[in-house]
Amino acid sequence: MIVVTDDASVAGEPDTRPLDDLLDDIYRGQERVTQGDIYRRAVAAELPPDLLARIDSLPEGEYAVDEVSDLLGGSVA
C-alpha cells in the first residue's frame, strides 16, 4: 500500500519546494531578476548545496521567473 502525503516527493524526483518558494518570494512584484540576486537570496535562504550549485552555474544576466524555473528544474511558472 502506498500512502501519499502533501510533503512526500514523487519517487525519483527532486524536491523543488525550496526552490519554488524562493522564486515565488524573489519574483513577487518583479518581472526580471539577475543571476547574482537569485544566488545571494538562495545563500541567505540556506538552500541545499546542489541547488546553490545550479544557480551559480547560470550565465550572468536577467531572468524572468519562467526562464529561471525551466533552467533550474523548478515548477514555478
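Modeller: Happy to! Let's take helix α3, which spans residues 49-56, and begin with its buried residues: Leu51, Leu52 and Ile55. Viewed down the axis of α3, these buried residues fall within an arc of 100°, so they line one face of the helix. Please keep in mind that this is a predicted model.

Let's look at α2 next. Two packed helices are described by the angle between their axes and the distance between the axes. For α2 and α3, the angle is about 170° and the axes are 9 Å apart. Angles over 145 degrees count as roughly antiparallel, and so α2 is roughly antiparallel to α3. The crossing of α2 past α3 is left-handed. On the α2 side, the contact is made by Gln35, Ile38, Tyr39, Ala42 and Val43, and on the α3 side by Leu52, Ile55 and Asp56. Sorted by class, the residues of this contact are six nonpolar, one polar and one charged. Notice that Leu52 and Ile55 of α3 take part in this contact, and both are on the list of buried residues.

On the way from α2 to α3, the chain runs through a loop that holds glutamate 46. Its phi is near 55°, a positive value in a residue other than glycine. Most residues other than glycine have a negative phi. With 70% relative accessibility, glutamate 46 counts as exposed.

Now for another neighbour of α2, helix α1. The axes of α1 (residues 17-26) and α2 (residues 35-44) come within 11 Å and cross at roughly 125°. That angle makes α1 oblique to α2. Their crossing is right-handed. Here Leu22, Asp25 and Ile26 of α1 meet Ile38, Arg41 and Ala42 of α2. This contact has four nonpolar, no polar and two charged residues. Ile38 and Ala42 of α2 meet α1, and these two residues also belong to the contact with α3.

To finish, let's step back to the whole chain. There are four helices and two strands, and along the sequence they follow the pattern α-β-α-α-β-α. Of the 77 residues in the chain, 31% are buried. Among contacts with a separation of 6 or more, 54% are between residues 24 or more positions apart.

Definitions and conventions: Residues are numbered from 1 along each chain as its sequence is written. This is a predicted model: local features need pLDDT of at least 70, side-chain atom pairs count only at pLDDT 80 or more; totals for chains, interfaces and linings use all residues. Side-chain values use heavy atoms; hydrogens and water are left out. Axes are lines fitted to C-alpha atoms, for helices over the stretch in contact, and angles run from 0 to 180 degrees between N-to-C directions. Angles under 35 degrees count as roughly parallel, over 145 as roughly antiparallel, 65 to 115 as roughly perpendicular and the rest as oblique. A crossing is left-handed if the near helix is turned anticlockwise from the far one by less than a right angle, and right-handed if clockwise. Contact means heavy atoms within 4.5 Å. Ala, Val, Leu, Ile, Met, Phe, Trp, Tyr, Cys and Pro count as nonpolar, Asp, Glu, Lys and Arg as charged, and the others, Gly among them, as polar. Buried means under 20% relative accessible area, exposed over 50%, partly exposed in between (1.4 Å probe, protein chains only). The arc is that of the directions from the helix axis to the C-beta atoms.
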